[in-house]
Amino acid sequence: MAVCKFSLPTGEKCPETAVDSDGFCKWHASQPPSGQGLREELKKKIKAGESLAGFNLKGLDMADVYLIRADLRYAVLSHANLVKAHMYGANLEGADLFKSNLEKANLKAANLKNAQLLAANFDGTKLEEALWNKDYVLQNEWEANQAWKKGDRELARKKYKEAEEIYRSIKQCHRQLGHSKDQSPFFYREMVVHRKQMPLFSFLRFSSKAMDITTGYGERPLNVFWTSLAVVFFCAFLYGLFGVLDHGRPVSFWVHDRTLLEAIGNLIYFSSVVFTTIGFGDVVPFGYSKWIMTIEGFSGQILIAFLVVCIYKKLMER
């Protein structure tokens, strides 16, 4: 008897016997298997430690099915009914879950790297501790990035839009279940792919990128902290160029009545006071430094507000 000619991208081959004219077993044939007892067959294979990699289960009704820790790499599960399916720890790397119904399914600790999740129903799906690609970049976003590099802007924007839809669905799933920490990276990636759909040199895209760098779209407190430090030191440098008055005595890089280290310390102190809007009044600006102070004070209020919001998001439920 001929052996199924199916093989995974990793080179692993199927040990099952071929049953169709194309040389595939019933699990890897172009048409998904049918008939009674499919659930029990799958369950027995899992308990026996057999792989379900690449199985064609497209469109099957597998509500409440037992697939705990199943090896479902590159399996075809598109349009499948997986409502309340038990898939804890399942390996779904590279699986096709397009338009699958995962309502209230248990996907805790499941491997979802490179899985196709477009239009999947995540209503009430348990996704805690699931494994994702590095930085949570889904397959659709990766494909969009590749298309952009090749100059196919239309395909890239299509894939970015798909990725945005998936990120939003997963984010809403975590929000629905009250998992504020888990939804954060998907909100961030949603904002990134949304920006990438904007016209390349538009003001909106530039503003969005600036928001990403300075605040991480409100999800990265360290971005806000380092941006705040950068503003303080940059403005201190500008004050050193244009000068300020310390109790009536000028302080700048050009005045030599004090050491350079002392001048730098006073400039950083003044910049910090302006940034935090404390305003002691012992050091005051003059000339162009007044405009720098105005801009820094305004920036400081915004960045401090963002820092508070970011920390609140990390420590409290949304």
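Are D71 and R73 buried or exposed? D71 is buried, and R73 is buried too, where buried means under 20% relative accessible area, exposed means over 50%, and partly exposed lies in between (1.4 Å probe, protein chains only).

A word on the model comes next. This is a predicted model, in which local features need pLDDT of at least 70 and side-chain atom pairs count only at pLDDT 80 or more, while totals for chains, interfaces and linings use all residues. Residues are numbered from 1 along each chain as its sequence is written, and side-chain values use heavy atoms, leaving out hydrogens and water.

Let us start with the salt bridges. A salt bridge here is a side-chain nitrogen of Lys or Arg within 4 Å of a carboxyl oxygen of Asp or Glu. The whole structure holds 14 salt bridges, and the table shows some of them.

| Pair | N to O distance |
|---|---|
| E12 and R73 | 2.8 Å |
| D71 and R73 | 2.8 Å |
| K196 and E141 | 3.8 Å |

K196 lies in helix 4 and E141 in helix 2, so this pair ties together parts that are 55 residues apart in sequence. Helices (H or I, at least four residues) are DSSP runs, numbered from the N terminus. Both K196 and E141 are buried. Elsewhere, E164, R168, K171 and E190 are linked in a salt-bridge network.

Now for the nonpolar side chains. In soluble globular proteins, nonpolar side chains tend to be buried together. A nonpolar core is a set of buried Ala, Val, Leu, Ile, Met, Phe, Trp, Tyr and Cys residues joined through side-chain atoms within 4.5 Å. The largest such core has 56 residues, and L82, L92 and L117 touch the most other members. Helix 1 (38-47), helix 2 (139-149), helix 3 (153-176) and helix 4 (180-196) each supply at least two residues of this core. Its largest share, seven residues, comes from helix 3. A second, separate core of 18 residues includes V251, I292, L303 and C310.
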